[in-house]
Amino acid sequence: MSPLRNVRGWLDERLGWEGLIAPLRKKTVPLHGLSYWYFLGGITLFLFVIQVLTGILLLLYYRPGANEAFESVQYIMTQVQFGWLIRSIHSWSANLMIFTAFAHMFSVLFLKAYRKPRELTWVSGVILLFLVMGFGFSGYLLPWNTLAFFATKVGTEITGQVPVIGKPLMIFLRGGEDVTAATLSRFFGFHVAVLPGLTTLLILLHVLLVQRLGISIPPKLEVQWTANPSEKREMKFFPNFLLRELMAWYVALGVLGALAALFPWNLGVKADPFVSAPAGIKPEWYFLFMFQTLKLIPPKVWFIDGEVLGVLVFGLVGLLWLLLPFFESDHPSRTKRWITGVAVFALAYVAGMSVYGYLAK
Amino acid sequence: MATSDQGMTNPSDGQSAPVPRRRFVEVLLGGGFLATAAAFVYPVLRYLVPPKLSDMGSDSVVAGRVGELKPNSGKIFRFGNRPGLLIRTASGEYRAMSATCTHLSCTVQYRDDLRQVWCACHNGKYDLNGRNISGPPPRPLEGFEVQVRGDEIFVRRRREA
Amino acid sequence: MAILRNKHRRFSAARYVGLAGIVVLAACLGYGQTTNSCLDCHSALPDLLGVSQEKFSQDIHAQKGLTCASCHGGDPTSDDPDKAMSRKAGWKGKIDRKQIPQLCGSCHSDPTYIRQFNPSLRTDQLDQYHTSVHGKRLAAGDTKVAVCTDCHSVHDLRAPSDPRSTVNPVNVANTCSRCHSDADYMKGYSIPTDQFAKYSTSVHHEALAVRGDLSAPTCTTCHGNHGAAPPGVDKVQNVCSNCHAFQAQMYEKSSHKKAFESASLPGCVVCHSNHGISHPTDAKLGTGPDAVCMQCHSPGDACDQARAGFQSGLSRLDEAIKSADQVLGVAESSGMEVSEARLGQDQARDSLTKARVTIHSFRKDLVDQDIQAGLKITAKNLEAGKKAMVERNHRRVGLGMSLIAIGIVLAGLWLYIKKTES
């Protein structure tokens with residue numbers, strides 16, 4: 001114990017360590033029946049760190065390029081010791097991270113944690129979700145297998161449907177008219193440089209905002225607690241909550257390890273741009289609800305092309321979603337019920353469409 | 001789970017003697033941290049060690065060593081996940097081609113008596129450029145480029161011009 | 001006729017068609033020739049007499065600079081139909097079917113002439129034709145038989161390498177079937193008309209049409225083209241051996257060859273049939289509906305025992321390969337690296353293919369040799385697969401140990417929290 005204390009003392013003298021972590025010591029987490037949902041943000045952050053670490057490890061052997069990408073991933077999976085584990089953890093962790101990010105968002109939505117003064121936390125969070133989905137989309141192509149190749153083709157094709165800016169945007173994404181080695185280079189760049197940079201910045205902002213504003217209390221409880229302060233129950237963030245969070249991280253690690261060891265991520269078959277697309281091509285599960293919606297829209301709605309309409313509607317919904325806190329009243333007792341209704345509908349829609357898309361031929 | 005049960009059996013000790021219980025938790029926690037750290041670090045360290053089989057990239061492979069092949073002989077080497085055939089002609093020249101017969105995908109071999117590439121399955125024959133010259137094969141064998149660098153014979157897929 | 005034409009200088013198409021029965025077909029357009037008056041009328045005429053510029057320009061002869069007059073004679077420089085189509089100018093009109101081989105042969109049997117266009121083109125077609133069933137019957141006065149134009153078409157005759165050519169390998173069977181599958185047309189000839197239907201179900205047709213293997217046999221591969229005739233009962237194996245050399249070599253030395261020959265049985269065809277050759281399976285050696293051995297042999301004799309030995313040997317290797325494949329598949333889907341063994345499986349499959357070929361020697365020792373070689377390779381691969389599964393289990397042990405460590409930390413944390421908060 002004492003050498004540790006010496007190090008702490010040494011650091012404190014030079015960095016003002018105590019001053020740095022003082023806010024953390026003061027920070028509290030409200031304690032109530034729904035406190036468990038507060039773990040989700042931390043788990044997502046933990047999975048992001050796992051992604052960064054395993055991503056860096058994968059970079060040691062991965063090579064972008066139409067002639068090399070697949071082979072290098074195959075090399076990682078078969079020749080490099082524990083390569084299968086690192087790659088499988090990277091893939092599984094990516095999927096879990098997107099799942100926990102979604103869950104985090106919906107928990108924030110239902111607990112009404114996005115209200116004033118936390119609008120910016122919500123906005124940064126939604127942008128982070130989009131970035132994470134961008135990670136998923138770009139990373140999916142990197143092994144350069146058939147499924148990824150065609151999923152990317154379809155995905156970027158949909159981008160091309162946006163009026164006016166769609167076509168240039170598609171060409172920007174693809175690095176040309178078609179999905180080629182140029183697309184792979186770009187997606188690699190997005191995946192390992194652009195997106196991590198942006199995401200790290202936004203995560204810092206997001207966490208800083210959480211730190212500044214404290215942890216939100218559900219409005220009903222807030223009204224109760226302000227009326228009767230003796231009912232108020234809290235837990236210290238450091239170390240009590242953090243230790244619990246650490247337990248959650250360890251559980252996440254165990255789940256990741258088990259998934260990776262028992263169900264190593266498949267590599268599939270090397271992409272061949274000249275074969276026809278395999279039947280029933282589907283995107284990753286987190287895009288499935290959008291994909292299925294686009295499939296269900298009739299080809300012509302009134303006078304607008306169905307796909308264009310779908311893409312426009314998704315764009316609009318995404319924008320409104322981003323701005324959601326600004327439709328909410330800031331008074332605790334006057335929360336808007338319709339927003340909860342919208343949230344329930346959105347959750348049911350995303351879940352239902354995903355399942356439908358998964359089951360549909 | 002078993003370990004947490006173990007932890008649960010202790011409270012009676014803990015109540016009578018708080019110090020051993022405290023020690024127990026610390027040892028448990030410290031040991032657990034060390035064990036998990038080992039479990040994470042070990043695979044990563046092993047991962048960092050470059051594999052013995054160096055990665056040549058998809059379109060080239062070391063098919064053999066100089067001196068390994070006598071003139072007028074051939075050997076099968078592995079090219080990706082398909083077999084390849086490296087031939088040293090009677091005049092000492094190296095040739096390489098796919099070893100998968102274009103008829104029914106048997107593995108072909110070099111016949112020093114015929115000085116041809118021969119498929120044992122249906123007696124298909126190819127010349128030393130991989131052209132199908134007799135028997136059932138419908139197409140020539142895919143030819144590879146051969147380069148001798150130092151002691152090693154590299155075989156590379158032909159690039160489209 | 002001369003009077004008629006004198007009176008009507010300008011012909012209407014309808015009028016001309018009226019004369020179609022008498023006036024014979026005249027090919028029309030020239031290619032690369034400035035004045036070719038044939039075109040003026042014949043491109044406007046309906047079928048039988050009509051030949052459009054577009055059609056004729058596809059013809060290999062037109063592309064090589066030949067014109068209507070090259071075959072039909074006459075004077076294409078004259079706009080006057082009388083002069084253009086005068087017998088004096090060498091106009092031949094419709095070529096009589098019986099004359100067609102001779103007419104084509106006048107160029108195609110002349111090496112000096114053909115050499116100007118394609119030095120490697122053969123010039124023996126007419127000679128061969130005379131030896132064919134078609135040629136012999138034509139000489140005997142039967143005009144229903146195929147002449148050059150029936151197979152090669154006319155006025156839009158393409159090189160055989162052109163996929164649109166009626167004699168391109170892919171189209172040959174269709175071309176032959178136009179007559180040979182027409183039961184009405186073939187009435188009076190004592191040959192069946194189901195060859196095309198049978199061929200369409202055959203492994204050869206599949207190779208050609210489905211797998212696009214242009215070297216796979218079609219009608220002419222076995223029957224010849226210009227010299228088309230059945231290969232003859234005792235020569236069948238010579239034909240098959242062109243591609244199936246190994247089987248033929250073994251069959252030549254086998255006891256079956258003598259037996260079949262003395263019974264005038266058609267070699268390969270006895271077991272494999274001819275037009276409807278299906279993909280041979282090991283069931284051919286069995287006793288079921290696809291079995292062939294027991295058609296001649298009787299149960300319990302030495303040959304029956306040999307047959308059973310062959311079949312069980314093949315199925316043993318086949319099953320060994322399949323079970324090794326299965327283990328390797330499971331190992332692979334659990335993320336194990338078994339590509340080396342997978343490659344080895346190809347060798348085992350080679351042995352099986354070879355053993356199936358060796359059956360044609362009908363010698364147990366030779367077949368066993370191939371089967372044993374295959375079994376040995378398969379055993380090695382199976383071993384590799386099992387090793388991979390052991391390695392997979394090691395991973396699971398590793399996972400289990402990590403999970404125990406994680407469990408310990410969780411328990412420790414839990415106790416620590418309880419302790420600090422109490």
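**A sheet, a chain contact and a helix pair**

Reader: What is the strand order of the open sheet in chain B?

Author: In this predicted model, the open sheet of chain B has 4 strands in the order E5-E6-E7-E8, and their pairing is antiparallel.

Reader: Which strands stand at the edges?

Author: They are strand E5 (109-111) and strand E8 (132-134) of chain B. Each has a single partner strand, so one side of each lacks a neighbour in the sheet. From one strand to the next, the twist averages 40°.

Reader: And how many bridges join E6 and E7 of chain B?

Author: Strand E6 (residues 116-119) and strand E7 (residues 124-126) of chain B pair over 3 bridges, in the antiparallel sense. Within E7(B), B:Lys125 is the bridge partner of B:Trp118.

Reader: What holds strands together in general?

Author: Strands of a sheet pair through backbone hydrogen bonds.

Reader: Turning to chain C, how many residues of chain B are in contact with it?

Author: There are 27 residues of chain B in contact with 30 residues of chain C. On the chain B side, helix H1 (2-9) and helix H3 (18-48) each supply at least two residues. H3(B) gives the most, with 10 residues.

Reader: What kinds of residues make up that side of chain B?

Author: It divides into 14 nonpolar, 11 polar and 2 charged residues.

Reader: Now chain A: how do H6 and H9 cross?

Author: The axes of helix H6 (residues 119-141) and helix H9 (residues 181-213) of chain A come within 9 Å and cross at roughly 160°. Angles over 145 degrees count as roughly antiparallel, so H6(A) is roughly antiparallel to H9(A). Their crossing is left-handed, and the contact has 17 nonpolar, 9 polar and no charged residues.

Note on methods. Residues numbered from 1 in each chain as written. Chains lettered and ligands numbered in written order. Predicted model: local features only at pLDDT ≥ 70, side-chain atom pairs only at ≥ 80, totals over all residues. Pairing = 2+ DSSP bridges. Axes fitted to C-alpha atoms, helices over the stretch in contact; angles between N-to-C directions. Contact = placed C-beta atoms within 7 Å. Nonpolar A, V, L, I, M, F, W, Y, C, P; charged D, E, K, R; others polar. Parallel < 35°, antiparallel > 145°, perpendicular 65-115°, else oblique. Left-handed = near helix turned anticlockwise from the far one by under 90°.
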